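This report describes one protein model for a reader who has not seen it before. It covers charged pairs, a pocket and a surface patch.

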Amino acid sequence: MYATKETDSLTFHQGEIRIPLTPFHFCPGLLTKVFGPRAFWLTSFMAANVLIDLEVLYYLSRNETPLHRHLHSYLGGSAVGLVAGLIMWGVVLIIARLMPASSRWKTRLDQTPKTKLLTQSLLAGLIGGISHVFLDSLMHDDMHPFWPFVTGNTLAGIVSVSALHIGLGLLGLFSLLLWLLLREP
Ligand SMILES: [Zn+2]
């Protein structure tokens, strides 16, 4: 499906972002953390977003286009999201084991069944993967979000890149402030 070609330069083209701006993807996760269920695994959500954008970094390093391929589809993004959820679940269990017994965080974790923790982590990773593909599909016309069923991306350009980044940035800032204000001491 992908006809690859070498790019002559990796400069910025007008309206086209050539480096992955992954932190913008964290903003909806922050909002979910503030208003969503307490057990939302922001770490798994963020890990999914980082893993998906490794695809862009890889093709940038090889000077090849398109930059957004299989991992930037709902199928690929969901799979990566689940992998991220699995990895973060394992990481958190290892960290919990190393924490002192007096840790409130460890106590809370130990009281929750491991399968429930896994489900929570997988779900957050999945949401991270799907939201990543959706947000990127508003910007990048080299994506095929519904691969392998449908080619093309009709949503690309529906919102200007700057408006999307400003909106996400404000959303992230707002969520972060609320999180700091509302979190338990
Ligand atoms: Zn991306």
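Lys106 is buried, with a relative accessible area of 15%; buried means under 20% relative accessible area, exposed over 50%, and partly exposed in between, with a 1.4 Å probe and protein chains only. Its salt-bridge partner is Asp110, with the closest N and O atoms 3.8 Å apart. Asp110 is exposed, at a relative accessible area of 53%. Lys106 and Asp110 are four residues apart in helix H4, so about one helical turn separates them.

The model is predicted: local features need pLDDT of at least 70, side-chain atom pairs count only at pLDDT 80 or more, and totals for chains, interfaces and linings use all residues. Residues are numbered from 1 along each chain as its sequence is written, and side-chain values use heavy atoms, with hydrogens and water left out.

**Salt bridges**

Side chains of opposite charge can pair when their charged atoms come close. The structure holds three salt bridges, a salt bridge being a side-chain nitrogen of Lys or Arg within 4 Å of a carboxyl oxygen of Asp or Glu.

| Salt bridge | N to O distance |
|---|---|
| Arg62 and Glu64 | 3.3 Å |
| Glu64 and Arg69 | 3.6 Å |
| Lys106 and Asp110 | 3.8 Å |

Arg62 is partly exposed at 40% relative accessibility, whereas Glu64 is buried at 15%. Arg69 is buried, as is Glu64.

**Largest pocket**

The largest pocket has a volume of about 870 Å³. A pocket is found on a 1 Å grid over the protein atoms alone, as an open set of points with protein on both sides within 12 Å along at least five of seven lines, and lining residues have an atom within 4 Å of a point. There are 27 lining residues, and Lys33, Arg38, Ala39, Phe40 and Arg108 lie nearest the centre. By type, the lining has 17 nonpolar, three polar and seven charged residues. Among the helices that each supply at least two lining residues are H1 (23-35), H2 (42-61) and H4 (104-110). Helices are DSSP runs (H or I, at least four residues), numbered from the N terminus.

**Nonpolar patch**

On the surface, Val83, Ile87, Val91, Ile95 and Trp105 form a nonpolar patch with about 390 Å² of accessible area together. Patch residues have over 30% relative accessible area and no salt bridge, and nonpolar side chains are joined within 5 Å. Helix H3 (residues 74-98) gives the largest share, four residues. Ile95 is in helix H3 and is partly exposed, with a relative accessible area of 40%.

Note on methods. Patch = residues over 30% accessible without salt bridge, like charges linked within 9 Å, V, L, I, M, F, W, Y side chains within 5 Å. Areas by Shrake-Rupley, 256 points an atom, 1.4 Å probe, with all protein chains shown as cover. 1 Å grid on protein atoms, 1.4 Å probe; cavity = no way out; pocket = protein on both sides within 12 Å on 5 of 7 lines; lining within 4 Å. Points joined across faces, edges and corners; volume = space filled by probe spheres on them. Nonpolar A, V, L, I, M, F, W, Y, C, P; charged D, E, K, R; others polar.
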